[in-house]
Amino acid sequence: MRSLGFRLTAAVVLVLAGVLAAFAVVTHLVLERALVRQLDLRLAGSAAAIAGMAEDEAGGAEFEAESLPEFERAARPGYFQAWLDDGRVLARSPSLGACDLPRLGGAGSAPVHADLRLPDGRPGRAIQLRQALRIEDAPPGAPPSKRFVTVVAAVGTEDARETLAAVSRWLWLLGATAFATAAGATLVVVRRGLRPARAVAAQLDALDAAGIGNPIPTAGLPTEIAPIVSKLNELLARLAASFARERRFTADVSHELRTPLSALRTTLEVAAAQDRPATAYRAALADATALAVQMQALVGNLLLLARLDARQIPVAAEAVDLRRLVEDCWRPFAAEAGERRLRLTIQLPADCAVVSDPEKLRIVVTNLLANATAYTAPGGSITVRGGSAETLLEVADSGPPIPEDLLPRIFDRFSRGDAARSGGVHCGIGLALVRGVCALLGLDASAANTPDGGVRFRLTRPA
Amino acid sequence: MRVLLIEDFEPLARSLAQGLREAGYAVDTSADGEEGLALAEGNPYDAILLDVMLPKLDGFAVLRRLRARGATTAVLVLSARDQLPDRVAGLDLGADDYLVKPFAFEELLARLRAVIRRRYLAPSNLVCVADLEIDLAARAVRRAGRPIALSALEYALLEYLAMRRDQVVTRGEIREHVYDFAAEPASNVVDVYVGYLRKKVDEGHDSRLIHTHRGLGYSLGTPP
């Protein structure tokens, strides 16, 4: 993974290297040009002085050589040569011997500069100058001579090149030092700048399941990081809420399973504690079987709920005889309802067919009837209506009503009308199943207290 | 020993009550917190077995009210809540023990014996009065090394007298600690059973251990 720090540092270092290189190149070029101009100026001076030594003397031309140390020394000498317009060589520098300097072309009197190779093989710089011969003792205002001398003067460029090389060395040295210093400083600054990000990462690293609800403080964070952290905190808060829900659900499931399990174990242990007649064992085994069936139903409901959560259930669509379905679902509750003197009235048309998933609808109706059977006061009534366009089914009972504070949570898992009802179909997830399955079937499940003190559960098709 | 079982899950309450009765306890049961609390306040139970998730009044509330009114009855909480905070809360509210469902019935009996032993300051399951030995765990009685066979009621009577050795115990107290509501004993039943017990324990021995205190009741112990 390439870190942000590495990228920032690399970018800054690259830019810095480019700027420093450009600076060095420009400095080198400017200096080179300045040195060449300086050399040209010196050459122009020398050439003018040499040209001034050529005199017009009564129709002839004479070169009055004066001392020019630059052109006479033995080591790295300068060279010059002077011509008259007719091509006759007027003078040569002592360093030239019998050799010729090249003419630099152009016949005008404007000075011409050029690079060339000196007769001794060194690289050099030359100037060509053409001017009128000087007239000795001419009065001021007299016309200049009609005859011209052309001077080519050349010197070695080694001084300029040595200066340039020395400056280049310094430029390299300074550039490299500046580069190294700046790169190091950038690295440090970037690392320091990213310290809050690393601090946040460390805090996230230290988070465990227990501390997930504690937000990471955003005070003092840079404005680039603070919004990320606050979004992260929102996410953590949602996660913590979800964990808490999950923990509560697990605790509830654990309670719902432990209670019948405890009864099962005690029943078997007590039965086995001493010798009994066969009828007593049979009674204990019947109790144990009932408990196992109850736990099986609970586990089945929990699995169904889990599959509903995971949306793994296919939904069928076929014609369902609603009346027969309700009658089938009622059968298991008839005995308990009889004990509690509850009366069931089914107000459905005889041929009431709806298109739905019969198995899912059976789960819904069974749980609604179980709920009504369990909670309706003894001697009361349960009425099933429905089959209309908007209301598929309605299960109403004679009460008591659901406490108002519980009504909004009645379809939540493990929210019970009575905090301690345990076991069986009405184990606190029945109504959660109703809502889950209804959502699958495209139905709305709602609960309300009726004005006459009863409770009404209604399954409607959304408009 | 008489215990109150407050448990709303009927199959569990039924088998627990059966097992406890077979283990020699007089057992009253209640399926909700309010009735349970009323029973606990109205009767001198030796121990209360208390579920936590109860209708009307939850087990912790029952415990809190019971302790707030100064009741010192041994309370053993039976709960499906196994989390540490629940166990700590139960014990801190004044429970003498906390047992997580599902439990082994043997363990429940052992813990019940333990809380009742503590209540009567008996150091171990072996209670000795002179040469009479009562093993509370095995429910076996020996005198001078010879085993004595007792009926369940005789044993319950002797056990209670032994727990309160050297104290005069009234007939009413015996009735309250040896019988549950289901028993409906006749008025002279205590005298009849003390007679049976005396025959089995004291006959053929020089020193008598069961004493009658005229107009007061009975006591078990070496003669004063």
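Is Leu121(B) buried or exposed? Leu121(B) counts as exposed because its relative accessibility is 74% (buried is under 20% relative accessible area, exposed over 50%, partly exposed in between, with a 1.4 Å probe and protein chains only).

## Basis

This is a predicted model, in which local features need pLDDT of at least 70 and side-chain atom pairs count only at pLDDT 80 or more, while totals for chains, interfaces and linings use all residues. Residues are numbered from 1 along each chain as its sequence is written, chains are lettered from A, and side-chain values use heavy atoms, without hydrogens and water.

## Backbone of chain B

Leu121(B) is not a glycine, yet has a positive phi of about 60°. Its place is the loop between H5 and strand S6 (126-129) of chain B; helices (H or I, at least four residues) and strands (E, at least two) are DSSP runs, numbered from the N terminus.

Ala130(B), also not a glycine, has a positive phi of about 55°. Ala130(B) is in the loop between S6 and strand S7 (132-135) of chain B, and is partly exposed at 47% relative accessible area.

## Cis peptide bonds

Gly399(A) and Pro400(A) are joined by a cis peptide bond with omega of about 10°. Another cis bond runs from Lys101(B) to Pro102(B), with omega near -5°.

## Nonpolar cores

The largest nonpolar core has 61 residues (a core is a set of buried Ala, Val, Leu, Ile, Met, Phe, Trp, Tyr and Cys residues joined through side-chain atoms within 4.5 Å). Helix H6 (residues 152-163) of chain B gives the most to this core, eight residues. A second, separate core of 49 residues includes Leu325(A) and Cys329(A).
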